[in-house]
Amino acid sequence: MPYLICKGVRALKKKLKATLLEQRVKKEQERERLHQEIDKWFDNLKEKNEKMKRELEMKKEADNILAEVRRKIHEAKKTIEKLKVFEKLRSARQANSVQKGFYLQPEHSANFEAKISHLRETMLAQLSNYEQEEKALQVMLETEQEDRREEEALWRKRKLMTFQQKKQKAVLESLFGDSEEPAPDDPLFLFYQYQNSGNKSIENLVQIRHHWDVHLSEEGESIPLQWVVPVPPSSSSWEEYFTA
């Protein structure tokens, strides 16, 4: 009999040692997983910051180019207006010369008109190119702003989901306790192993489900979908067991 007792104690110690080793391995794996998640989070944050920096630099460069294009548009329009002034001035001087009796050669007027026409066509072509470039830059900036707004909306949505998940986890922990596996010396360790044995085999799952189903009753009430507000204690005897 003492031999059997010693053998049972050794088996129990061996099982306890194996359980502790398994828990240690799980903790190491969990620690490694957390480290990987932290590294991934840092990498994503770094990539996001670098992307934001590149976008800001591109936006700054695009703004500078857009400002330069608008300056050229202004200069082109200003030059076209000057050509109109030159034509009016030429016409006024020509009329004044005719009134004074001076003879003007037709080829001079034709040469002037040809040069003015060539300059006007050149400036109008440049103005058209500048306006097209301005429109393309505006579309690019608007597209970048729209993409940035979508990314910010997605980020806020993910943040809200994370907040809701944390809140849901806190609610579940407040109702059912911590989801982590208790230590072997914890009084709830055997109960935890039994309740989670359904994850290892169908037979255990069916057995646990059967134990739950025997408590079902057609005369009972369904589990409420909303929070159940506790009623005030029915007597002073019950009131002393309530805690704040």
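Which residues does Ser-197 touch, not counting residues up to four places away in sequence? They are Asn-204 and Ile-208, where touching, or contact, means heavy atoms within 4.5 Å.

First, some ground rules. This is a predicted model, so local features need pLDDT of at least 70 and side-chain atom pairs count only at pLDDT 80 or more, while totals for chains, interfaces and linings use all residues. Residues are numbered from 1 along each chain as its sequence is written, and side-chain values use heavy atoms, with hydrogens and water left out.

Back to Ser-197. You'll find Ser-197 in the loop between helix 3 (189-195) and helix 4 (202-213). Helices here are DSSP runs (H or I, at least four residues), numbered from the N terminus. Is Ser-197 buried or exposed? With a relative accessible area of 14%, Ser-197 is buried. The scale is simple: buried means under 20% relative accessible area, exposed means over 50%, and partly exposed is in between (1.4 Å probe, protein chains only).

Now zoom out to the domains. The domain assignment of the protein gives domain 1 (1-176) and domain 2 (182-215); such bounds come from an automatic or database domain assignment. Taken over C-alpha atoms, the centres of domain 1 and domain 2 are 54 Å apart.

How do the two domains meet? Four residues of domain 1 are in contact with four residues of domain 2. The size of an interface is often given as the accessible area lost when the parts come together. Between domain 1 and domain 2, the buried area is about 240 Å², and carbon and sulfur atoms give 68% of it. Buried area is the accessible area (1.4 Å probe) that two parts lose on being put together, summed over both. On the domain 1 side, Leu-16, Thr-19 and Gln-23 supply 84% of the area that domain 1 buries against domain 2, more than any other three residues.

What about charges across that interface? Between domain 1 and domain 2 there are zero salt bridges, a salt bridge being a side-chain nitrogen of Lys or Arg within 4 Å of a carboxyl oxygen of Asp or Glu. By class, the side of domain 1 that touches domain 2 has two nonpolar, two polar and no charged residues. For those classes, Ala, Val, Leu, Ile, Met, Phe, Trp, Tyr, Cys and Pro count as nonpolar, Asp, Glu, Lys and Arg as charged, and the others, Gly among them, as polar.

Salt bridges do turn up in the structure as a whole, where a search finds 11. Take Glu-37 and Arg-33, whose closest N and O atoms are 2.3 Å apart. Both lie in helix 1 (residues 2-99), four residues apart, about one turn of the helix. Glu-37 is partly exposed at 42% relative accessibility, and Arg-33 is partly exposed at 36%.

Glu-68 and Arg-71 make another salt bridge, with closest N and O atoms 2.5 Å apart. Because they are three residues apart in helix 1, about one helical turn separates Glu-68 and Arg-71. Glu-68 is partly exposed at 33%, and so is Arg-71 at 43%.

Then there is Arg-70, which forms a salt bridge with Glu-134, the closest N and O atoms being 3.1 Å apart. This pair links distant parts of the chain, with Arg-70 in helix 1 and Glu-134 in helix 2, 64 residues apart. Arg-70 counts as partly exposed at 40% relative accessibility, whereas Glu-134 counts as buried at 18%. Elsewhere, salt bridges that share partners join Glu-30, Arg-33 and Glu-37 into one network.

Stay with Glu-134 for a moment, in helix 2 (residues 106-176). Not counting residues up to four places away in sequence, Glu-134 touches Leu-66, Val-69, Arg-70 and Ile-73.

One last stop is Lys-167, also placed in helix 2. Lys-167 counts as exposed, at 54% relative accessibility. From C-alpha to C-alpha, Lys-167 and Trp-41 are 21 Å apart in space, and 126 residues apart in sequence.

Conventions: Helices (H or I, at least four residues) and strands (E, at least two) are DSSP runs, numbered from the N terminus.
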